[in-house]
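Please open the structure in your viewer and keep the selection panel at hand.

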Amino acid sequence: MRRALAIAVVAFLPLVNITAAQAEEPGDRQQAFAAAAKEFQVPESVLLGVSYLESRWDAHAGQPSNDAGFGPMHLTDAAAFTGSNHHGEGEEDPRGDETRPLAAPAETPAPTEIPASLRTMEKASQLTGESHEKLRTDAAANIRGGAALLADYQKSLGAPLSDKPGEWYGAVAKYSGADESEAAKIFADEVYATIQDGAERVTDDGQKVALPPVPGLEKIEKWLEKLGLRPPRRDGVECPASISCEWIPAAYQQLPNDDYGHYDLSNRPVNQKVDYIVIHDMEGYFGPSVKLNQDPKWPGSWHYSVRSSDGHIAQQIKTKDVGWQAGNWYINSKSIGIEHEGFLAEGSTWYTEAMYRTSAKLVRYLALRHGVPLDRAHILGHDNVPGTLPTTVKGMHEDPGPFWDWAHYFELLGAPLHQFGGPKSGSVMIKPDFATNKPYFYGCDRKNPEAACPPLSAQSIWLRTEPRADAPLVKDIGKHPTGDSLYSVYDHSARASTGQRFAVADRQGDWTAIWYLGQKAWFHNPASAPTAVPSMGLVVTPKPGLATVPVYGRAYPEKEAYPADIPYQAVTPLQYTFSAGEKYTLAGPASTEYYRAVTFDLESHKVVRGQTKYLEIQFGHRVMFVKADDVNVTFSG
C-alpha cells in the first residue's frame with residue numbers, strides 16, 4: 001500500500017479549516033438526531049449518547065471505500081473480512097534484535113467469519129430501506145440507521161419503546177456489539193454517564209451538536225440480563241476495574257530446532273523498569289489479531305488488544321514479560337505494547353470514543369503502576385520508535401498514524417497537553433486543532449491508493465525546507481536515502497505530531513522552524529490559528545569542539561560491560577547526525593541496558609548494564625538517543 005505519488009507541481013496544499021464561528025447553528029446534525037429519534041421512538045438523549053461513544057458525532061467525510069464503521073452511528077460494513085495481516089506495511093522485524101531475528105510467517109491466516117458487530121449496516125439497510133452507500137456517506141441517513149437499530153434491539157428484548165432513557169439500557173448495551181456481559185455493561189454505563197453529564201462540541205465537518213445533561217438518570221438493568229452474554233474471564237488480568245478486560249493468553253511454546261515463540265519471559269520491573277507504553281493499530285480486526293497472538297509461530301506479540309466498537313480489552317501477555325511488538329529490542333524490553341483494532345489509513349472510522357476511553361484508562365493505570373511519565377516521549381506511537389541500526393530505519397512501522405487524536409487521548413489520560421512559556425519560547429509543542437487541521441494526504445483508499453484522502457481531522461503537520469506553502473518537504477535520509485519525502489498517509493518522514501516537543505530554529509512571520517533530523521524544518525504556525533504552543537524545557541546541543549554528534553536507536557552498554565558468556569552488542573550510530581548550533585529537546589535519561597533473552601528458559605536470561613550515560617531526545621518524528629558525553633544540556637526558556 002505504500003506507493004509513490006508522482007506530483008509534477010505542488011503549488012499549494014492548504015489546510016481545510018472550519019472554525020467554530022463558521023459552524024452551522026443549531027446544525028443539520030442536531031436536527032437529524034431529533035428527526036430520527038422521533039421517527040423510531042428512541043429518546044433523543046439515548047441516540048445522542050450512543051453516537052457520542054461511537055464517533056463523538058463526527059461523520060469522517062463518508063470514507064466510501066472503507067470496510068470499517070461509518071458515520072456518526074458507526075454502522076459497520078466489513079464486506080471484505082479476510083482476517084488480519086497485522087502490520088503488512090514495511091519490513092520490520094517486530095522483535096528488533098539481530099541476535100535472534102524472526103522469519104516472516106510461512107502462511108497467511110485463514111479468513112475469519114464476519115461477526116455481527118461488523119455487519120450492522122446490513123441490518124440498518126433492511127430496517128430503513130437506505131442503500132449501503134447512502135448509509136456510509138449521508139450523515140442523516142446514517143443516524144436514521146442507528147436509531148432503527150436501537151429500536152429493533154429494544155423490541156427484541158421485549159422492552160417498551162419508552163420515552164424514559166433508563167428503559168433503553170439493554171438496547172444500548174446490545175449496540176456495543178459485545179458478546180461479553182462486562183463489555184456490554186461498561187459500554188452502556190459510559191453512554192449513560194455521557195447522557196447524565198451532557199456534552200457539546202463542533203464536529204469534524206463544522207456541525208454544532210449538544211446533548212443537554214439528564215440528571216438523576218435511573219438505569220433499568222433487567223434488560224441487560226436478557227441479552228444472555230457470556231461472563232468475563234478476568235482471572236489474572238492487569239486492568240483497572242472500570243474497564244472491560246479479559247485474559248486470553250498468548251502462546252508461549254518451545255518449538256523444534258531450539259526455537260520458541262512468541263514472546264520472552266522476564267521479571268519486570270524487578271530486573272528492568274518499564275519506561276514506555278507503545279500505542280499500535282492492528283492493521284486488522286480484533287478477533288483474528290487476538291488469535292495471531294495465540295499462535296507461537298507468528299512472528300510478533302503484544303500485551304493488550306483493544307476492540308473498536310466498545311473498547312473491550314483482551315490482555316494476552318503479562319506486563320512482567322517482553323512482547324515482540326515495536327521492532328526495537330531495547331524499546332521492547334522496556335515497554336508494554338497495546339494494539340488497537342483498525343487500519344492506519346482508515347483510523348478516523350476505527351478510533352471510536354469507546355476505544356479511546358478504555359485505552360486511556362488502561363494506559364493511565366499501567367503508567368501509574370510502572371512509573372511511566374505521561375508525556376509523548378514515553379507514551380509512544382509505534383511510529384515514534386526508532387530503528388535499531390541504519391539498515392532497519394527504512395522498514396519501521398508508522399501506526400497508529402495521523403488520524404489518532406493524541407490531544408484528546410491525553411485529556412482522557414488526565415494529562416492534557418498544555419502551553420508552558422511565552423510566545424518567544426525557545427521550544428514548542430506541536431498542537432494543531434484536531435477538528436480543523438485537515439492536511440493533504442493520499443493513500444487512504446485501498447482500491448485506489450494513489451487517490452487523495454478525503455479531508456480528515458489529523459494530529460500531524462507538514463514540515464518544509466522553506467517558510468512557504470509550496471516549498472518541498474524536508475528529507476529523511478533514513479527513510480528515503482535517495483528520494484523525497486511523500487505525502488502518503490503511510491510516510492511520516494516530514495511530519496511532526498501532537499504532543500511532540502522541538503527546539504525552535506527560526507521564525508518568519510506566520511512560520512516557525514524547528515530542528516528536525518539535522519536540518520531546519522518549517523511549518524505554518526499563524527498566531528490566529530496556531531499549530532504549536534510554547535513549551536519551555538531542557539535541550540541538548542553539541543559540546544564545544546564537536547562538529548557533529550551521532551544519534552542512536554538504542555542505549556546499549558559499552559563493550560567492557562558484557563560478561564564473557566554474552567556476545568557484545570555493537571553500539572552502532574544511525575545515519576543521522578546533528579551539528580553545532582542545532583538543539584533538540586531532552587526527554588530525560590535513558591537506562592543503559594541490554595536484555596539477553598534468546599532461549600526458552602528464563603533462567604538463562606540476563607540484563608547487562610553499562611556505565612555509558614545516554615539521553616533520550618526528540619530528533620525527528622521518532623525519539624532517538626545521544627551519549628551524554630557528546631552534548632551540553634541547557635534550559636530553553
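What volume does the largest cavity have? Its volume is about 180 Å³, where a cavity is, on a 1 Å grid over the protein atoms alone, a set of points where a 1.4 Å probe fits but cannot get out, and where a volume is the space filled by probe spheres set on the points, which are joined across faces, edges and corners.

Before selecting anything, note that this is a predicted model, in which local features need pLDDT of at least 70 and side-chain atom pairs count only at pLDDT 80 or more, while totals for chains, interfaces and linings use all residues. Residues are numbered from 1 along each chain as its sequence is written, and side-chain values use heavy atoms, with hydrogens and water left out.

**Stop 1**

Select Asp 58, His 60, Ser 348, Tyr 351 and Phe 434, which are the closest to the centre of the largest cavity among the 18 residues that line it; a lining residue has an atom within 4 Å of a point. Helices (H or I, at least four residues) and strands (E, at least two) are DSSP runs, numbered from the N terminus. By class, the lining of the largest cavity has 5 nonpolar, 6 polar and 7 charged residues, with Ala, Val, Leu, Ile, Met, Phe, Trp, Tyr, Cys and Pro counted as nonpolar, Asp, Glu, Lys and Arg as charged, and the others, Gly among them, as polar.

For the second largest cavity, with a volume of about 120 Å³, select Val 393, Asp 476, His 492, Tyr 576 and Arg 622, which lie nearest its centre among 14 lining residues. The lining of the second largest cavity has 7 nonpolar, 4 polar and 3 charged residues. The count comes to 4 cavities of 30 Å³ or more.

**Stop 2: the largest pocket**

Next select Pro 115, Ser 117, Gly 177, Asp 179 and Arg 307, which lie nearest the centre of the largest pocket among its 38 lining residues. A pocket is an open set of points with protein on both sides within 12 Å along at least five of seven lines, and this one holds about 820 Å³ of space. Helix H3 (120-128), helix H5 (139-156), helix H6 (169-175) and helix H9 (286-292) each supply at least two residues of the lining of the largest pocket, and the largest share, 5 residues, comes from H9. The lining of the largest pocket divides into 14 nonpolar, 11 polar and 13 charged residues.

**Stop 3: the mixed sheet**

Now show the open sheet of 6 strands in the order E5-E11-E10-E13-E9-E14, in which the pairing is mixed; two strands pair if DSSP finds at least two bridges between them. E5 and strand E14 (379-381) stand at the edges with a single partner strand each, so one side of each is left without a neighbour in the sheet. Strand E10 (residues 304-306) and E13 pair in the parallel sense over 3 bridges, with Tyr 304 opposite Ile 338 in E13. H12, already on display, lies across strand E9 (276-281), E10, strand E11 (313-315), E13 and E14, and runs at about 175° to E13; axes are lines fitted to C-alpha atoms, for helices over the stretch in contact, and angles run from 0 to 180 degrees between N-to-C directions.

Within strand E13 (residues 335-340), select Gly 337. Is this residue buried or exposed? Gly 337 is buried, with a relative accessible area of 0%, where buried means under 20%, exposed over 50% and partly exposed in between (1.4 Å probe, protein chains only). Leaving aside neighbours within four places in sequence, Gly 337 is in contact (heavy atoms within 4.5 Å) with Val 278, His 280, Trp 302, His 303, Tyr 304 and Gln 325. The C-alpha atoms of Gly 337 and Trp 302 are separated by 5.1 Å, although the two are 35 residues apart along the chain.

At strand E5 (residues 245-247), select Glu 246, which is buried with a relative accessible area of 1%.

**Stop 4: strand E15**

Finally, select strand E15 (residues 427-430), where Ser 427 and Met 429 on one side and Val 428 and Ile 430 on the other are all buried. E15 runs antiparallel to strand E18 (residues 501-508), to which 3 bridges join it, and Met 429 stands opposite Arg 501 in E18.
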